[in-house]
Amino acid sequence: KMTQQMRDLQLAQARKPPGPSSPNAAKRLYRNLSGKFRVNYTSFDEGSLVGRGEKEKLRKSYLFQSNAALFEAVELQDLDRVQELLKHYSPEELDLNTPNSEGLLPLDIAIMTNNAPIARALLQAGAKESPHFVSLESRSLHLSTLVREAEQRINELMAQVVNEAPNADCSEKEKQLKAWEWRFRLYKRMKAGFEHARVPDVPSSVHLSVASSSSLQVTFWEPLSVNSAVVTKYKVEWSCSPTFSPLLGEAVIDKLKDLHFTIQGLVSGTAYHVRVSAYNMKGWGPPQASTPPFGIPSNWREYDGRVPRRRGQAEALDHLLGQVKTVHQHCICHEPCKNQPQSRKHSVSKSLKHLFHPGSKFLKTLKRGLYLTAIFYKDDNILVTHEDQIPVVEIDDTYSCLLMQDFLWFTKVSCMWDEILWLRQCVTVSQSSCSCILQTRFKMLLAISQMQGLLGIQDLGQVFFEPIKDKQGNILIVTLKEVKTNQTFESVRWVPICKLQTSRKSVSSPEEPTALDTLLISVQDKLAYHQRSSHALSPGLYLGYLKLCSAVDQIRVLVPERLPNILCHVKIRSNPNISREEWEWLQKMASVEEPVPIEPEADTSQNPLFQELQVAIKELMSLVNIPLQEAKDFRLYSQEVLDFGDQVSFLLLLPPSDDVCTAPGQNNPYTPRSGFLTLPLQIFELGEER
């Protein structure tokens with residue numbers, strides 16, 4: 001018998017006995033488990049267990065119960081319980097793809113009872129169908145056997161209950177009878193679900209896009225029909241012929257969290273036809289051809305053979321820095337520079353104790369001058385000195401007006417925290433000119449070295465985009481760094497930010513706060529800026545808006561607060577690649593000085609990029625508070641696509657040439673809504689590089 005074969009197979013695999021076989025038993029088991037979901041196996045008191053073996057035995061007991069509970073939750077069609085189990089246990093802990101004693105998997109039960117929500121939840125968790133059902137006949141035979149054996153068992157139990165006098169054994173048999181009657185109904189429902197199912201319809205939509213010069217991306221959606229069984233996998237096929245003969249390749253997708261597939265290893269410039277078909281327990285359905293019907297792998301750079309802008313730049317800069325260092329090899333700073341690595345070998349945890357050393361040179365109050373502060377934070381805590389002060393060192397007590405050029409120079413130095421000693425000593429050699437600028441910058445390097453030495457940390461983090469100034473003549477340059485390590489530091493004091501803010505006694509008036517008071521008041525905003533500036537965009541093609549404003553000593557760029565390292569933008573699509581055909585269309589628009597596409601036109605209505613740009617431009621104009629009519633005078637930057645790695649690319653939308661940069665004193669008639677800020681252009685460039 002099929003069932004006997006399945007049971008023999010399970011015995012050979014040393015499978016555990018099945019879980020409870022009645023709804024009431026399942027409910028009791030789930031209630032017991034629900035109280036254990038919060039248990040962390042590593043949190044038990046070791047003294048309360050006999051040893052590691054007993055602890056592991058207890059853990060396995062919980063896992064077995066969770067496996068049985070999953071089967072019962074699926075059989076009871078309890079979606080909430082299934083989701084809860086999948087949330088608290090991994091697929092391995094649940095034995096998600098190991099058949100029970102009836103040769104069934106949780107996914108088999110879900111799809112044969114046609115419970116689509118549970119089946120989808122299991123599929124997204126990595127569930128598979130039983131590999132024992134090699135054909136429709138074997139599945140049908142197995143279900144018939146389960147129904148017949150359940151019916152036989154019911155008849156046997158009914159006879160025993162009728163013939164025996166009422167006693168404890170009879171009561172137990174009545175419970176078994178109810179459980180088998182319930183299981184009989186389940187098997188009949190599964191058998192009926194299988195018999196009435198049909199192969200799936202075609203996927204509702206298959207979209208084909210050009211992913212690169214050697215790949216195509218296929219995105220598809222589930223069939224619209226809800227009458228057939230749950231789809232458990234898809235097949236993507238491709239060929240150079242519209243008849244798909246010969247077939248060049250195929251791929252089966254059984255991980256259904258994201259319904260897309262990238263066909264790799266294609267030949268650039270060759271047309272490929274693609275189709276997708278769906279599969280359920282009744283077999284493969286008919287294929288659906290893609291839209292458009294074929295794709296040609298290509299990239300916009302093939303239009304004029306352009307190489308990537310950044311190719312070789314990092315190597316060239318490293319080579320240039322090496323040349324500069326070579327020039328200084330024979331100067332007096334060379335020997336101390338060579339010894340620098342040995343001075344850094346002390347551990348961070350050991351050196352951080354300087355924070356609490358009575359002889360540390362951190363400042364408690366500010367006089368009139370220029371200062372450097374380093375903010376290290378972890379979660380909601382901030383690193384402070386032994387006197388509960390944010391680490392501050394003096395740069396120059398005679399410097400009352402920070403020039404923007406000096407500040408921007410400091411931000412560039414922040415890209416070379418590990419080279420501060422070398423930079424400082426080389427600037428010392430160059431000080432014979434007694435330049436005021438060099439003296440100021442040398443003092444900046446000294447302050448950085450002092451901060452690094454006192455903290456025992458080379459990397460001071462990212463410079464906040466503007467210094468803090470007060471009316472007393474203090475200027476505070478702020479660096480920010482998040483500490484993500486779980487290492488326990490010796491003698492380090494972490495203080496909750498809110499506690500530091502409430503416990504600090506201000507020495508200034510609310511109307512004229514000092515730079516330190518201003519820092520404490522706004523520290524959460526600065527930490528939020530630092531965290532947001534390190535966020536990355538999800539893969540895709542974006543439309544960016546370039547808007548500048550100039551001042552006497554700097555140019556600033558408009559950016560969103562939620563992502564200040566990127567221009568104002570909206571997402572055009574998930575595929576970052578611009579194909580050669582799409583770039584040719586953009587070049588054609590630019591050559592005839594066409595305005596940006598606002599309204600649809602007859603000859604371009606079938607162009608997917610045109611339609612995507614229409615939607616993106618409207619969304620972007622609404623975001624930056626510019627009337628849509630004004631966008632007709634805007635232009636798409638047609639010199640290149642801005643590539644940020646392989647996964648993110650930008651098309652730029654430019655205002656008319658006279659409005660790209662707002663001059664000093666000139667009013668911007670279209671003020672963006674809240675949620676934007678302007679950064680110095682050099683700061684933005686450094687943030688974008690990070």
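Analyst: Happy to; we'll go through the pockets, then the cavities. This is a predicted model, where local features need pLDDT of at least 70, side-chain atom pairs count only at pLDDT 80 or more, and totals for chains, interfaces and linings use all residues. Residues are numbered from 1 along each chain as its sequence is written, and side-chain values use heavy atoms, with hydrogens and water left out.

User: What volume does the largest pocket have?

Analyst: About 1500 Å³. A pocket is an open set of points on a 1 Å grid over the protein atoms alone, with protein on both sides within 12 Å along at least five of seven lines, and lining residues have an atom within 4 Å of a point. Volume is the space filled by probe spheres set on the points, which are joined across faces, edges and corners.

User: Why does the largest pocket lie between domain 2 and domain 4?

Analyst: Because domain 2 (207-298) and domain 4 (540-591 + 604-689) both give residues to its lining. The domain bounds come from an automatic or database domain assignment.

User: And the second largest pocket, what's around its centre?

Analyst: Leu208, Ser209, Pro292, Glu582 and Pro608 lie nearest the centre, among 24 lining residues. Its volume is about 580 Å³. Domain 2 and domain 4 each give at least three residues to this lining.

User: Switching topic: how many cavities are there of 30 Å³ or more?

Analyst: Two. A cavity is a set of points where a 1.4 Å probe fits but cannot get out.

User: What lines the largest cavity?

Analyst: There are 14 lining residues, with Gln462, Val463, Ile683, Leu686 and Gly687 nearest the centre. The cavity holds about 90 Å³ of space. H21 turns up again, giving the most to this lining with four residues. Domain 3 (361-530) and domain 4 each contribute at least three residues.

User: And which residues line the second largest cavity?

Analyst: Asp388, Gln389, Ile390, Leu500, Arg504, Leu516 and Leu520, around about 60 Å³ of space.

Definitions and conventions. Helices (H or I, at least four residues) and strands (E, at least two) are DSSP runs, numbered from the N terminus.
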